[in-house]
Amino acid sequence: MEADDDDVVFPVAEPLAGVPLADAPILFFVCFHKALRLELAQLHHAAVKALKVVEGGSHGRELVLELQRRFEFLKLVYKYHSATEDEVIFLALDVHVKNVACTYALEHESTDDLFDSIFHCLDVLLEEKCNISKAFQELICSISTIQASIWQHMVKEEKQVFPLLMQKFSSKEQGSLVWQFICSVPVMLIEDFFPWMISFLSPEEQVDVTRCIKEIVPREKSLQEVVFSWLGNKNQPSSGTHTRTVKGVQCPDGSADMRRIVKLQSSRSSFCENWNWIKACCIQKDVGNNPIDCLSLWHGAIMKDFQEILEELYQLRSSSSFPNLHLIIIRLKFLADILSFYSNALKKFFYPVLNQVANGCLSPSNEEFPCASQIEGLQLLLQYNGQNGIPLCKFLEKLFTELESFVLGVGKQFAFQKREVFPIISKKCCHKMQQRLMYMSLNTMPLGLLKYAITWFSSHLSGNESRSILRSIKQGDSFVNKSFASLLQKWFELGYSGKISIEKFREDLQNIFKSRCSFLSEQIKETSGSSSLHSDMQLPEGSNPRPTEGKNCFSSSSSPRTAKKYETSYSSAINLHVFFPKTIKMAHPFPKFLADKSCSSSIINELKPVDLIFFFHKALKNDLEYLVFGSAQLADNVGLLMDFRRRFHLIRFLFQIHSDAEDEVAFPALEAKGKVPNISHSYTIDHKLEVDHFSRISLILDKMYELQVSVSSVDSNTLDQRMVKHHQLCGRLHNMCKSMHKLLSNHIHREEVELWPLFRENFSIDEQEKIIGRILGRISAEILQDMIPWLMASLTAEEQLDMMSLWRKATKCTMFDDWLGEWSEGYNIAKVPEESSISPSCTADPLEIISTYLSKEVLDKQKRGTLEKSSDFSQRDCVDENFEPFTNCNVDDKEKALNIDQNNHDCSECTKLFSDSDKKRRNEVAGVTDHMDKSNKLFQGPKNSWHCKHLLTTSQEDLEAAIRRVSRDSSLDLQKKSYIIQNLLMSRWIIGQQISHSVSSNWEDIPGHLPSYQDPLKLTFGCKHYKRNCKLFAACCNQLYTCRHCHDEVADHSVDRKSITEMMCMKCLKIQPIGPKCSTVSCDNFSMARYYCKICKLFDDEREIYHCPYCNLCRLGKGLGIDYFHCMNCNACMSRSLSAHICREKCFEDNCPICHEYIFTSSSPVKALPCGHIMHSTCFQDYTCTHYTCPICCKSLGDMQVYFRMLDALLAEDKIPDEYAGKTQVILCNDCEKKGPTPFHWLYHKCSYCGSFNTRLL
């Protein structure tokens, strides 16, 4: 594999380019972004290099260990960065700009899985029990995936989050946020973090970072010296340093996030590098005052505070008010954080040393201090937010019980250490070793917590104890950072001297933990004496950001001390987020939604229109899995490339349509609600970045296709080279597909968790249908023909029914069902039985139904005449020289032939039944019978020839009588009556249709069997209506016409264009089944027109036309989603500029109020009136010459203020007779629809509300 081809440039977002750090300290994190990207790129190159080494036959174990150490460090650094954003930066931003940070917190959670996949690959490689080359390829693929995911996440932050932070926060506030991050990361990690990050920056950027940090650090000399010493370390941390950091900073609970680091560092190989130094220098040779003894004092301070807290809680249990409970919670959280880091130090430093010097005689069970689950249980209990409705008294009782048990366990562990652990260390380890262990344990704490911990600890000591510890701190200058030792000494003296009062110390602690407990204090103050917390209390600031409606959910937003929150030097929530991620999730979970369940189980139970999106999501996820699977097969099967390429472009196209629909329809609708502003912007950025991923894959596929095309014409040596290139491209393609699969799957998951519940909750069913209708109204018929089968293939039968049910409900006012039936032609589209509103009787043969309503006398008369004539005709026909016996024919064939003969004879005799007034119709029928006589050998009679005969011989008076009989029939409902009457009126046309389908004639005798020209001089085929190269066969008239308009202009009826089945090519003059090209060999696929619609049977060679699946008609324009959209409520195609218009249900399915032409099928331009009614544009121009109100609702057709002012001036001059002066009349305003009095006038009446004269008297 070639790493060079996978290199991607990761530029800084444009809004941040060129902004100096001095003006925007928050861009310190953008520098971290750069370092992280470059580190991942280096790791990718290192993995590729290791693969080449392994393929060359060398052993790559050391390379794998190096990768593992670097990834451990990288994960830990990224984890603290993510926790800082979730618990500090995003919460601060949410005070000013709502709902921006929600999706970024979700993205942080998904990154953990990506790291886990990398560590799984590394573990497999270390086990050496598999195909090493394949395992390395999986590792490289996983690195590419996390690289793409983190890159996209950081680009989004740089495009959206950081510009907002720069806009909403001053430079000082930004610096405070960065300082809070620095003080919340363990000292051991931050010492390595600064050199690591700076090593990836340019010299100019390094100078900017150094200046920025100098401005951020408080003006405290010793503190500045410590931080500057970290910055001044120009040596890039080695892998060994990374290992030391990872070993020293771990989760005490051994959570999944950190388990592998514990496993790695606890092995013999990871500890032996320090043990040689221990044996050489640190085994105790002289015994004196032992630094390890200060841990006993540490234990005593912890136990003392726990005992005080237990006593206070005991007193509160008997009280009905809890004024100091929030202070107790703060102290407990402080002690819980101290115990977490102390437990971590014991596990990572003290116990490994102890096991070595004591030869492993210490029982592993005794090393648990305290139990990880106990610390996590206490932390979870302290996150109580009252939203579960538990009364405060019960919470207090539970807190006291669990804390009592917890303190008892801690006391036992302290006693064990004093009895078993400390004596061994004092005896076996020298002063220098003990001091080193003490300093290393302090380095596991964050700088901000360390300050308060030392201050708190020193306040518990006597004078002799304090002097002993100060002496120990000074002695440690020889092997630790001197500035760091001086800082510790200063903090210790500050607490011991009493310069900080208990009240000030507790106030500082309250600021540290305020973000996670301030709600408790406010609730207690508001409801003193109450026994429970209300369910609508404010959430703690430390909770994960969630979509908020209206007011801010964080207590500090309305506090006058909002600015002070950025002055906090430590965030306990960050380390809680790193050490106990489960606690954060349990305390502040995201609401569960459909993404956590299957579509078939959750959506179907309560279908809503917006759920149509989830069916699309399911199909998309299935195809993303196909891309991953298919790309893995291409290396071994080149023949799959074409299918894979075609499938990829379909997915890309459909995903782009989906993204555009969300960006232009769904998301703006959600933002317009105003309840959750800004929540969708990050998803819009996602859509833009995902286009780049599709483009990169498309580029790879193009290269593979070009390579495949050129392989057939090369020699064997070149072929081998190109096959190697093909395999390299396949590897890159597979990596990209896996990356895109992960990105899009996470994107879809976040949408379903965060966004779509908001659509279901905040939009009514009608509003959801309107949104879905707007989305569907942008999709053309050609796209639907690909999309619907694509969706169906991914859904179960039940899901198909549900999807089509939602689709039909969203398009209920349109002709979508008609289009679906005409397009599908047998395709198994899911039907919903209950939606059918047509009576079964209406689906029977219309001729059979209407014949039952003709007069019995006419039927009897026709029947007698028919029997007589048919007998004579049969005898004559039997002796005709053209008669052919029914040899080898079955009975059905004989019956058909007899029926044909009878029909021919009866049709020739039935003219006697017509009156003079029916001569025109009689001539038409006679023409049909003459044509039938000419071709009786090939004639196949209609199925219901008896009914055809009756209806052809029925006069106009008989038809009218039958219509009156149907109208008076009380047993029929209105729908069936209208159906029968319509078929009676069209009976002769129906007969012509059935006869035309059964007649095969000599086409040369058909009228119109010659070409027609739009331009005779240029010999351009067509007519005045269309440019085309064919004519249509109109079965109703048995003639050829160039278009339907040519037919309608000369006939007394309109042709049903959708029933046309045959055409004539005007080049070869052959009549053939209708289609886009001529089927004769001589024409060589001669195109009939540039545009052809198989539904409307429309050909056109010069205009842009599209078929709308919702109108089920062809319209002029580029197409839906391009320059038009279909409004599902109006059932009309409209220009995209009219996306905001007044909707009236099926308003186009009506006649023009002026000329009364049916607007839906009219080819004339239409004018939409302000009231929502419509008329032809030409009719509007003529109508407005004399009227200014809508002819339907009487509202004004525009802004008539100028005209109304003229009337005001006219009325001011017009004098009312004295007998009418002071009289009023009651009017109704047509514009504002309000009733009210107005002064008497014989003509003009002004509305007193809106000033309109468009009124009428009541």
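This is a predicted model: local features need pLDDT of at least 70, side-chain atom pairs count only at pLDDT 80 or more; totals for chains, interfaces and linings use all residues.
User: What makes up the protein in terms of helices and strands, and how much of the protein is buried?

Analyst: The protein has 42 helices and 17 strands. Of its 1258 residues, 53% count as buried. The accessible surface is about 57,300 Å², and 52% of that surface belongs to carbon and sulfur atoms.

User: What is the average pLDDT, and where does the pLDDT fall below 50?

Analyst: The average pLDDT is 76, and 73% of the residues score at least 70. Over residues 1-7 the pLDDT is below 50, and that stretch has 20 contacts in the model beyond near neighbours in sequence. Residues 830-843 also stay under 50, with 20 contacts beyond four places in sequence.

User: Why is the pair of F334 and W456 called edge-to-face?

Analyst: A search of the whole structure finds 43 aromatic pairs. In the pair of F334 and W456, the ring centres are 5.8 Å apart and the planes stand at 80°. Rings pair if their centres lie within 6.5 Å, and planes over 60 degrees apart count as edge-to-face. The angle of 80° is over that cut-off, so the pair is edge-to-face.

User: What makes this pair a tie between parts that are apart in sequence?

Analyst: F334 belongs to helix α13 (residues 325-357) and W456 to helix α17 (residues 447-458), so the pair ties together parts 122 residues apart in sequence. Both F334 and W456 are buried.

User: Why is the pair of F816 and Y1110 called stacked?

Analyst: The ring centres of F816 and Y1110 are 5.8 Å apart, and the planes are at 25°. Planes under 30 degrees apart count as stacked. The angle of 25° is under that limit, so the pair is stacked. F816 is in helix α31 (residues 816-824), while Y1110 is in the loop between β9 (1105-1108) and β10 (1113-1116), 294 residues apart. F816 is buried, and so is Y1110.

User: Which residues do ring pairs link into a cluster?

Analyst: The cluster holds F28, F29, F32, F73, F181, F193, F194, W196 and F200.

User: How do you know that R647 lies over the face of Y626?

Analyst: R647 is at 4.2 Å from the ring centre of Y626. The cut-off for a charge over a ring is 6 Å from the centre, together with a position within 35 degrees of the ring normal. K673 lies over the face of F763 in the model, at 5.1 Å from the ring centre.

User: Why is T111 called buried, and which residues does T111 touch?

Analyst: T111 is found in helix α3. Its relative accessibility is 2%. Buried means under 20%, so T111 counts as buried. Leaving out residues up to four places away in sequence, T111 touches Y78, I146 and I150. T111 and I150 are 39 residues apart in sequence and 7.7 Å apart in space, C-alpha to C-alpha.

User: What makes N762 buried?

Analyst: N762 has a relative accessible area of 11%, which is under 20%, so N762 is buried. N762 lies in helix α27 (residues 716-762). N762 and L670 are 92 residues apart in sequence, with C-alpha atoms 8.4 Å apart in space.

Definitions and conventions
Residues are numbered from 1 along each chain as its sequence is written. Side-chain values use heavy atoms; hydrogens and water are left out. Rings of Phe, Tyr and Trp (its six-membered ring) pair if their centres lie within 6.5 Å; planes under 30 degrees apart count as stacked, over 60 as edge-to-face and the rest as tilted. Helices (H or I, at least four residues) and strands (E, at least two) are DSSP runs, numbered from the N terminus. Buried means under 20% relative accessible area, exposed over 50%, partly exposed in between (1.4 Å probe, protein chains only). pLDDT is the predictor's confidence in each residue, from 0 to 100. Contact means heavy atoms within 4.5 Å. Accessible areas come from the Shrake-Rupley method with a 1.4 Å probe; for residues, only the protein chains shown count as cover.
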